[in-house]
Amino acid sequence: MTQLKIAVAGASGRMGRMLIEAIQNAEDVTLAGALDVAAAPSLGSDAAAFLGKPAGVPIEADLGKGLANADYLIDFTRPEGTLKHLAYCAAHGIKMIIGTTGFDEAGKAAIAAAAQKTAIVFAPNMSVGVNVTMKLLELAAKSFSHGYDIEIIEAHHRHKVDAPSGTALKMGEVIADALGRDLMDVAVYAREGVTGERDPSSIGFATIRGGDIVGDHTVLFAGIGERIEISHKSSSRVSYALGSLRATRFLADKKTGLFDMQDVLGLK
Ligand SMILES: NC(=O)C1=CN([C@@H]2O[C@H](COP(=O)(O)OP(=O)(O)OC[C@H]3O[C@@H](n4cnc5c(N)ncnc54)[C@H](OP(=O)(O)O)[C@@H]3O)[C@@H](O)[C@H]2O)C=CC1
Ligand SMILES: O=C(O)C1=N[C@H](C(=O)O)C[C@H](O)C1
């Protein structure tokens, strides 16, 4: 069986470790490199040591060393890290699976530009369940386009640094597109004090941070006499890791182009 040679960025992070475990458990992929920041205490140690089964792959800060044997880089880090990796991967034809969230418009544009040189899957949530939920939201938004107030509530662990989550923002975009609205015009990210009555065209966001919540998203369609809630709850990061491996396999026959998980799962 041809092996897909994958490097993992943020190898000591929550997702990095989950990805390394998923790679080690899959038959058609090989861990071919591991990256982390120069200050990471794990630098130089074996990337799979935490599993009790070393992979013979040291964690590197140098991109040349960490990516020397890789055809794919799965990146769940921070926008500044991903953008550094992106420039290297575009220049060296390494395909990327980007799960990092929190990019500004310039960061997103840099990813789109790099996709003219290499193939990229970029998605704020790699789980199959969330991506199917996106389709349900599209349908629901069209059905509840009048008379229903739309609010998106997300909850994550205490370590998460960006808000609202990339998934919540994507849900907002999907709903706004389905309604012919621009999320930039209708999003309300905070309410405090005397806010006045709710604008019926708005899409509200509420963020909860605490403990070890892996990732919960609920979209509320609140009408008169009824309300509908569409929820997805993650109980483990394994679904993000398995989705990332599906995305890697999807890129096997692609040379360039920007794709998302809807492409990978055939949901478009
Ligand atoms: N698309 C999806 O399905 C999912 C997306 N995510 C997103 O993935 C990202 C990572 O999440 P998570 O694993 O929980 O975070 P962690 O903080 O646990 O891990 C991030 C890793 O990236 C490293 N890192 C930090 N800054 C840089 C940098 N500038 N360059 C290179 N590496 C860097 C960290 O090193 P150090 O700790 O030493 O700073 C750490 O190893 C977040 O943006 C999150 O929102 C998360 C889950 C699912
Ligand atoms: O930081 C996380 O943990 C997660 N981040 C992603 C996001 O911002 O949507 C995906 C998932 O919800 C977990």
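1. Where is the place of Gly-13, in terms of the strand and the helix on either side? Gly-13 sits in the loop between strand 1 (4–9) and helix 1, where helices (H or I, at least four residues) and strands (E, at least two) are DSSP runs numbered from the N terminus. With a relative accessible area of 29%, Gly-13 is partly exposed; buried means under 20% relative accessible area, exposed over 50%, and partly exposed in between (1.4 Å probe, protein chains only). The C-alpha atoms of Gly-13 and Phe-76 are separated by 8.3 Å, although these residues are 63 residues apart along the chain.

2. A word on the basis of these points: this is a predicted model, in which local features need pLDDT of at least 70, side-chain atom pairs count only at pLDDT 80 or more, and totals for chains, interfaces and linings use all residues. Residues are numbered from 1 along each chain as its sequence is written, chains are lettered from A and ligands numbered from 1 in the order in which they are written, and side-chain values use heavy atoms, with hydrogens and water left out.

3. Gly-10 is likewise found in the loop between strand 1 and helix 1. Gly-10 counts as buried because its relative accessibility is 10%. Its C-alpha atom and that of Val-37, 27 residues apart along the chain, are separated by 7.5 Å.

4. Around ligand 1 there are 23 residues, of which Arg-14, Met-15, Arg-78, Thr-101 and Met-126 come nearest; a residue is near a molecule if one of its heavy atoms lies within 4 Å of it. By class, this shell has 7 nonpolar, 10 polar and 6 charged residues, where Ala, Val, Leu, Ile, Met, Phe, Trp, Tyr, Cys and Pro count as nonpolar, Asp, Glu, Lys and Arg as charged, and the others, Gly among them, as polar. Helix 1 (14–25) and helix 3 (79–92) each supply at least two residues of the shell around ligand 1, and the largest share, 3 residues, comes from helix 3.

5. Turning to atom pairs at ligand 1, a polar side-chain atom of Arg-78 lies 2.8 Å from an oxygen atom of the ligand, and a backbone N or O atom of Met-15 lies 2.9 Å from an oxygen atom of ligand 1. A nitrogen atom of ligand 1 is 3.0 Å from a polar backbone atom of Pro-124. Taken alone, ligand 1 exposes 910 Å², and the protein buries 80% of that; accessible areas come from the Shrake-Rupley method with a 1.4 Å probe, and for residues only the protein chains shown count as cover.

6. The residues surrounding ligand 2 include Thr-101, Pro-124, His-156, His-157, Lys-160, Gly-166, Thr-167 and Tyr-240. By class, the shell around ligand 2 has 3 nonpolar, 8 polar and 1 charged residues. An oxygen atom of ligand 2 is 2.6 Å from an N or O atom in the side chain of His-156, another pairing places an oxygen atom of ligand 2 at 2.7 Å from a side-chain N or O atom of Lys-160, and a backbone N or O atom of Gly-166 lies 2.8 Å from an oxygen atom of ligand 2. Ligand 2 taken alone exposes 330 Å², of which the protein buries 86%.

7. UniProt, in an unreviewed entry, places the feature "binding site" at His-157, Gly-166 and Thr-167; such annotations may be inferred rather than shown by experiment. His-157 lies in the loop between strand 7 (149–156) and helix 6 (166–178), and counts as buried because its relative accessibility is 9%. Pro-164 also has its place in the loop between strand 7 and helix 6, and a cis peptide bond, with omega about -10°, joins Ala-163 and Pro-164. Most peptide bonds are trans.

8. Asp-28 lies in the loop between helix 1 and strand 2 (29–35), and is buried, with a relative accessible area of 18%. The side chain of Asp-28 makes a polar contact with the side chain of Arg-249 at 2.5 Å; a polar contact is a pair of N or O atoms within 3.5 Å, and within protein one must be able to donate a hydrogen and the other to accept it, while residues adjacent in sequence count only if both atoms are side-chain atoms.

9. Helix 8 (residues 238–251) has 14 residues that should span 20 Å at 1.5 Å a residue, which agrees with its end C-alpha atoms being 20 Å apart; the expected span is 1.5 Å times one less than the number of residues. Among the buried residues of helix 8 are Tyr-240, Leu-245, Phe-250 and Leu-251.
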